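Hi,

Here is the structure I promised to pass on. Have a look at it first, and my notes come after.

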Amino acid sequence: MYQHESYVYLDEAVANALYPDLKNKNLRNIGLERLGEIIDTMVIDNYGSLNILLKQENDFSLMRIEDGFSTIFFNLKGQLQEEVESLVEHQGLYFKEID
């Protein structure tokens, strides 16, 4: 997230219910500890999602952390895809491509 230009937003439902002060705000610079707390709350409470837009040159990719333990990527390409795949494998998880 800090290696690429990025924008981090809560889904409107999450912001309205849990974090009204963070509605429509870019959370990129709130600190990793605070961001981690928000993600933990969403995963533990099985509630909503967090969207991270990653910019690489003129393209945007979306990383969506959803309720439960789902993390979905859209439009990953090139170096960014390689970085994500490496991180996923390093964490002992798997990367599954869906058409």
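Below is what turned up, starting with the ground rules.

This is a predicted model, so to speak of a local feature I needed pLDDT of at least 70, and side-chain atom pairs count only at pLDDT 80 or more, while totals for chains, interfaces and linings use all residues. Residues are numbered from 1 along each chain as its sequence is written, and side-chain values use heavy atoms, with hydrogens and water left out.

First, the sheet. Four strands make an open sheet, ordered β1-β2-β3-β4, with antiparallel pairing. Helices and strands here are DSSP runs numbered from the N terminus (H or I with at least four residues for helices, E with at least two for strands), and two strands pair if DSSP finds at least two bridges between them. The edges are β1 and β4 (71–74); each has a single partner strand, so one side of each has no neighbour in the sheet. From one strand to the next, the twist averages 15 degrees. Between β1 and β2 (residues 49–56) there are 6 bridges in the antiparallel sense, and Tyr-7 has Leu-53 as its bridge partner in β2.

Helix α2 (residues 32–44) packs on this sheet and touches β1, β2 and β3. Its direction makes about 130 degrees with that of β2. For contact, read heavy atoms within 4.5 Å; axes are lines fitted to C-alpha atoms (for helices, over the stretch in contact), with angles from 0 to 180 degrees between N-to-C directions.

Next, the rings. There is 1 aromatic pair in the structure: Tyr-7 with Phe-60, tilted, at 6.3 Å centre to centre and 45 degrees between the planes. The rule is that rings of Phe, Tyr and Trp (its six-membered ring) pair if their centres lie within 6.5 Å, with planes under 30 degrees apart stacked, over 60 edge-to-face and the rest tilted. Tyr-7 sits in β1 (residues 5–10) and Phe-60 in β3 (residues 59–66), so the pair ties together parts 53 residues apart in sequence. Tyr-7 is partly exposed at 25% relative accessible area, and Phe-60 is partly exposed at 38%. Buried means under 20%, exposed over 50% and partly exposed in between (1.4 Å probe, protein chains only).

Last, some backbone angles. Most residues other than glycine have a negative phi. Asn-24, in the loop between α1 (12–17) and α2, has phi near 60 degrees, a positive value, and is exposed at 68% relative accessibility. Asn-75 has a positive phi too, near 65 degrees; it lies in the loop between β4 and α3 (78–90) and is partly exposed at 42%.

Cheers
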